[in-house]
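Hello,

Here is the structure I said I would pass on. My notes on the helix packing and the chain contact follow it.

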There are 2 protein chains.
Amino acid sequence: MKFNLTRKFIDQLSALIKEDKPNKVLGLVRDLHCADIAEIFEEIEFKKSAYIYNLLDDNLGADVLVELDDDIRESLLKTLSPKEIAEDVIENLESDDAADIVSDLPQEKKEEVLSHIEDVSHASDIADLLKYTEDSAGGLMAKEFISVKTNWSITQCIKEMRKQAEEVKFVYTIYVVDENNILKGTLSLKKLLFSNAKTIMSDIMKSDIIMINANKDQEDVANVMNKYDLVALPVVNELGQLIGRITADDVMDIMKEEAEKDYQMASGISDDVESNDSIVEITKARLPWLLIGLIGGLIGAKVIGIFDIEKNYEMAIFIPLIAAMGGNVGVQSAAIVVQGLAGGSVSIVSMWSRLIKELGVAIVNGLICSLIILIATYSLGYDMAMSITVSISLFAVIIFAALFGTFVPLTLEKYNIDPALATGPFITTVNDVLGLFIYFLIGQMILGL
Amino acid sequence: MKFNLTRKFIDQLSALIKEDKPNKVLGLVRDLHCADIAEIFEEIEFKKSAYIYNLLDDNLGADVLVELDDDIRESLLKTLSPKEIAEDVIENLESDDAADIVSDLPQEKKEEVLSHIEDVSHASDIADLLKYTEDSAGGLMAKEFISVKTNWSITQCIKEMRKQAEEVKFVYTIYVVDENNILKGTLSLKKLLFSNAKTIMSDIMKSDIIMINANKDQEDVANVMNKYDLVALPVVNELGQLIGRITADDVMDIMKEEAEKDYQMASGISDDVESNDSIVEITKARLPWLLIGLIGGLIGAKVIGIFDIEKNYEMAIFIPLIAAMGGNVGVQSAAIVVQGLAGGSVSIVSMWSRLIKELGVAIVNGLICSLIILIATYSLGYDMAMSITVSISLFAVIIFAALFGTFVPLTLEKYNIDPALATGPFITTVNDVLGLFIYFLIGQMILGL
């Protein structure tokens with residue numbers, strides 16, 4: 001059943017740990033899902049987490065480790081010897097989770113752990129997986145899957161599957177390969193269950209399969225599985241040989257990660273921070289963006305300084321308006337492009353048609369906003385020259401910001417830099433500065449600063 | 001195999017449609033995945049999409065409809081009669097996809113379509129699903145699942161399953177219910193396949209199941225499936241009776257949707273826009289946020305107007321700096337809280353401890369930034385009083401923005417309003433205005449405006 005973590009539960013647990021009542025503590029957590037226990041660990045002090053972890057049986061403990069945040073997991077692993085990690089943790093995990101844990105260990109500990117794994121094929125599977133970068137299809141896949149040969153009958157299959165299924169937690173699809181291990185088709189368990197015992201695999205398998213190369217990026221994996229509504233995706237090497245499978249639960253994690261990354265970039269937070277990280281960690285993730293803003297502000301000051309603001313101090317009054325609108329429009333344009341690129345929908349539309357469309361939107365928005373501001377300023381009592389200056393500047397800034405906001409992420413993407421970098425403080429800051437420049441330039445022409 | 005949509009392919013397809021060569025057109029698309037055909041429809045004119053749609057066999061056509069964007073789907077459905085929709089589309093779809101399509105139809109067409117569905121149980125399943133709101137667990141679930149009784153043997157199960165499996169596309173889990181249809185356990189196909197034929201369900205089923213109530217929000221569905229790494233989630237009613245199941249592919253769609261929504265809010269785009277929407281649609285989604293910025297700018301102008309800027313026109317020079325920094329800090333704080341709330345990690349940490357932590361981060365960032373700005377302005381040649389004014393104001397604005405940025409989303413959440421509303425232009429605009437007020441207030445105290 002679904003568990004709801006409450007303050008009361010945490011307090012109760014903490015009290016029992018303080019009184020050193022291991023049996024009662026274990027009684028509280030033993031029947032929880034590993035993801036729930038991991039959630040508890042993230043809410044209590046590390047010492048208490050370690051206390052609970054040591055009470056758990058190896059299987060549950062290993063599953064909890066997989067679910068934990070990197071920092072707590074790392075601390076817990078530090079308390080274990082390489083032999084304990086190998087025997088209590090790694091041997092209880094599927095290859096992909098095991099590889100994730102091993103890959104986070106320091107180099108020398110990594111090798112020692114691998115050498116302590118008794119199941120040689122498990123150890124070699126893990127060593128295999130460690131060759132791939134963490135954010136590639138190969139880094140995501142598990143080595144546990146069911147594969148059968150094209151010329152086998154259903155009876156043969158079921159016999160072979162009994163052996164293989166031992167180590168595979170969930171079976172969603174059966175992969176059919178030829179004698180060279182080249183992936184030829186897939187078969188659902190449903191079909192296996194309801195076909196005649198003598199049927200040969202190649203006659204009932206689905207040969208129209210979607211697969212992915214192990215070197216592809218995790219974002220591609222997520223896009224493919226999402227687009228084709230897959231719960232499992234087979235991974236092949238350059239030769240087309242089946243080497244692993246990725247399941248939907250891993251992809252959900254990636255999707256969350258990628259979405260958070262883009263969101264954080266747009267909101268000016270670098271790195272992966274969470275709301276329960278320490279003050280120093282949070283500061284480190286945010287300060288860089290603030291410094292960009294700071295430098296932008298200083299350059300903005302310089303720009304204003306170029307012009308003679310003393311004579312036309314009224315221009316100062318609309319600085320926030322111009323700066324804010326430039327920033328808003330720029331971020332909007334950039335966000336649409338970033339999202340389009342991530343979802344793949346901008347891919348075949350050319351950069352030019354994209355820029356032209358943004359220009360269209362900017363002209364409509366710009367005209368509406370400029371008209372409103374012209375009427376507003378004039379009716380607020382500013383003279384016509386000033387009102388026209390603000391209105392024209394606003395229009396120019398909106399057009400500029402829209403094009404700039406579109407152009408930057410598209411250019412970043414072209415040079416294989418994450419286009420999401422373009423959103424957030426970066427666009428806002430550059431827009432602020434250039435927007436001010438445009439504003440004062442127009443002011444100079446109309447008002448003669 | 002994975003298909004890559006190219007400009008060349010589109011051109012080739014368009015040319016064949018223009019020459020009215022239905023067989024050649026069909027030859028190009030017939031073997032594509034429905035998701036790929038949907039992608040093509042989104043890149044070509046509607047008339048051409050309709051041409052292709054009419055060539056597809058009903059089964060593929062129905063699948064393509066499910067994958068399409070709402071606007072193209074709606075246009076295609078308008079070309080079909082209620083009878084055609086019922087017989088060619090709805091009868092070929094699982095209940096959840098069918099319900100999604102029916103729910104988008106105008107009321108009178110909806111009833112007519114339902115009346116034309118020949119399979120009565122399918123029609124009543126769809127009518128059932130239409131009762132739930134689109135973004136609830138009930139609105140997401142499908143009625144096609146395999147359920148067996150607790151006291152059945154494996155042999156009995158397989159016999160019953162053959163009947164049920166007809167209409168279920170993918171079987172991941174078998175649900176075990178009691179005589180009142182109350183969900184009691186789950187069984188994997190793997191276990192079914194490898195257990196003794198006489199075993200009774202209740203002896204091998206997993207009784208520790210995660211399920212969700214049909215009235216829960218889709219965000220809860222995504223959180224539960226993601227947290228517990230599930231590929232299928234059973235849906236129950238208030239009595240605990242099994243009424244449907246949700247699969248991981250639906251959840252991936254929701255996750256994408258929710259992430260896009262938050263991202264769009266943070267970047268100031270209301271509604272669900274995509275980069276290939278029309279100029280009018282895009283404008284409509286963006287203008288509201290720009291108007292907020294516009295009003296903020298006008299209020300900002302009013303604030304500056306209160307103070308005598310003529311005498312201290314130098315203060316104008318740092319307006320962009322103060323405004324930008326306030327906006328940046330506010331959005332950062334709000335984004336962290338919004339993300340924490342979405343992921344559930346802020347849930348048990350109280351509002352106060354959250355505010356205190358943000359205060360800590362703000363003090364550190366504020367001190368660093370203020371010190372830098374003090375040194376920078378003084379060395380750029382501004383007098384000490386001015387430099388101190390800017391520096392103190394910056395510190396005050398950073399502290400204020402951090403607290404404001406934290407407080408607003410937490411308050412919105414408390415009153416069940418989407419906290420993501422707090423990010424983006426809203427926070428930036430309010431921060432701009434209040435930041436300016438703080439700046440000039442401090443300026444008045446130190447410089448005596």
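**Helix packing in chain B**

α3(B) passes α5(B) in a right-handed crossing (left-handed if the near helix is turned anticlockwise from the far one by less than a right angle, right-handed if clockwise). Helices here are DSSP runs of H or I with at least four residues, numbered from the N terminus. This is a predicted model, in which local features need pLDDT of at least 70 and side-chain atom pairs count only at pLDDT 80 or more, while totals for chains, interfaces and linings use all residues. Residues are numbered from 1 along each chain as its sequence is written, and chains are lettered from A and ligands numbered from 1 in the order in which they are written.

The axes of α3 (residues 34-43) and α5 (residues 58-67) of chain B come within 8 Å and cross at roughly 60°. Axes are lines fitted to C-alpha atoms, for helices over the stretch in contact, with angles from 0 to 180 degrees between N-to-C directions. α3(B) is therefore oblique to α5(B) (under 35 degrees is roughly parallel, over 145 roughly antiparallel, 65 to 115 roughly perpendicular, the rest oblique). On α3(B) the contact is made by B:Cys34, B:Ala35, B:Ile37 and B:Ala38, and on α5(B) by B:Leu60, B:Asp63, B:Val64 and B:Glu67; contact means C-beta atoms, placed from the backbone, within 7 Å. By class there are six nonpolar, no polar and two charged residues (nonpolar: Ala, Val, Leu, Ile, Met, Phe, Trp, Tyr, Cys and Pro; charged: Asp, Glu, Lys and Arg; polar: the others, Gly among them).

Helices α17 (residues 279-306) and α21 (residues 425-447) of chain B pack at about 5°, with axes 9 Å apart, so α17(B) and α21(B) are roughly parallel. Among the residues in this contact are B:Trp289, B:Gly293 and B:Gly296 of α17(B) and B:Phe426, B:Asp432 and B:Phe440 of α21(B). The contact of α17(B) with α21(B) divides into 11 nonpolar, four polar and one charged.

**Contact between chains A and B**

Each chain takes part with 105 residues from chain A and 105 residues from chain B. On the side of chain A that touches chain B, α17(A) gives the most, with 16 residues. That side divides into 63 nonpolar, 26 polar and 16 charged residues.

A rotation of 180° with 0.1 Å of shift along its axis superposes chain A on chain B, with RMSD 0.2 Å (least squares on C-alpha atoms of residues with pLDDT of at least 70 in both). The two copies are thus related as by a two-fold rotation axis. They meet through the same surface, because 100% of the interface residues of chain A are also interface residues in chain B.

Regards

Definitions and conventions: Contact = placed C-beta atoms within 7 Å. Helix = DSSP H or I, 4+ residues; strand = E, 2+ residues; numbered from the N terminus.
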